[in-house]
Amino acid sequence: MARDWVLFSAVLWALTRVKIYVKVHHNSPFLACMDLELSQTEIIDPSYLWIGPDGRNIKGQSKMNITETGKLMVKNFQESLSGSYTCTLSYQNIKTEMQTEEEILNTYEFMLFVNPFAPGWEVACDQVSVDCEDVTNGKIQQAKDHLEEFFRKQSYVLKHEFHHVPAIHYVDHSFQVTRIDSCRPGFGKNDITHSDCASCCVACDPGTYSPNTDVTCRTCSSAQIYGSKSCQTEKINHKIKDK
């Protein structure tokens, strides 16, 4: 008895949006358009469509690397590349008595971040390498380690080599270091919105901005891009109202 093949069409929508944190001027990880279970399934004629934050097809753009299997890697990530990237996978799936044509949609939200840096380094970091925050943080850590070692030796000397404790001396365990973070303009920290990268300085979302090295992005309806450093339109409106 002959069997009839039936063609079905289905669209499967992703219910969650995955946040991907990428360090400034670094390449993003490769993002797959299909999950592990689907990758182990026999599919026919797969096609991949990646749409960027501006709603356009990103294929062929210089900073976008899309492999033959539909994986996306964004090169030299910067503020302007932040936002939601959506991949639609279209394919045919051969089953026992039917052939299905399906689409699966996955959305990844790229969030650009930099590491916090110590106050006073912002001028140097504007003129040095893109990893200035990491370099300066390393130097601060080295200075902290040297100071702790110095006071540790002071405690040892006072205990083992002095018969009488000097009037002015170091009190053991009294040395403390308090971390004070700064973020470059256009970036801020938010352990609620960005709980997966709570210690990072993340590019301010649209609707917020940061004009200085504070760690908080301020609200501004006129700031429409990621990493906004000013809210000039909002300030102009205030001046007009004041008149």
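Is Glu148 buried, partly exposed or exposed, and what is its relative accessible area? In this predicted model, Glu148 is partly exposed, with a relative accessible area of 33%. Its side chain meets that of Lys144 in a salt bridge, with an N to O distance of 2.9 Å. Lys144 is likewise assigned as partly exposed, at a relative accessible area of 24%. Both residues belong to helix H3 (residues 132-160), and because they are four residues apart there, about one helical turn separates them.

Side chains of opposite charge can pair when their charged atoms come close. Another of these pairs joins Arg56 to Asp54, where the closest N and O atoms are 3.0 Å apart. Arg56 is exposed, with a relative accessible area of 56%, whereas Asp54 is partly exposed at 47%. A further salt bridge links the side chains of Arg218 and Asp214, with an N to O distance of 3.7 Å. Arg218 has a relative accessible area of 37% and is partly exposed; Asp214 counts as partly exposed at 39%.

Thr208 is located in strand S9 (residues 208-209). With a relative accessible area of 18%, Thr208 falls under the 20% limit and is therefore buried. A polar atom of the Thr208 side chain lies 2.6 Å from the backbone oxygen of Asp205.

Notes:
Residues are numbered from 1 along each chain as its sequence is written. This is a predicted model: local features need pLDDT of at least 70, side-chain atom pairs count only at pLDDT 80 or more; totals for chains, interfaces and linings use all residues. Side-chain values use heavy atoms; hydrogens and water are left out. Helices (H or I, at least four residues) and strands (E, at least two) are DSSP runs, numbered from the N terminus. Buried means under 20% relative accessible area, exposed over 50%, partly exposed in between (1.4 Å probe, protein chains only). A polar contact is a pair of N or O atoms within 3.5 Å; within protein, one must be able to donate a hydrogen and the other to accept it, and residues adjacent in sequence count only if both atoms are side-chain atoms. A salt bridge is a side-chain nitrogen of Lys or Arg within 4 Å of a carboxyl oxygen of Asp or Glu.
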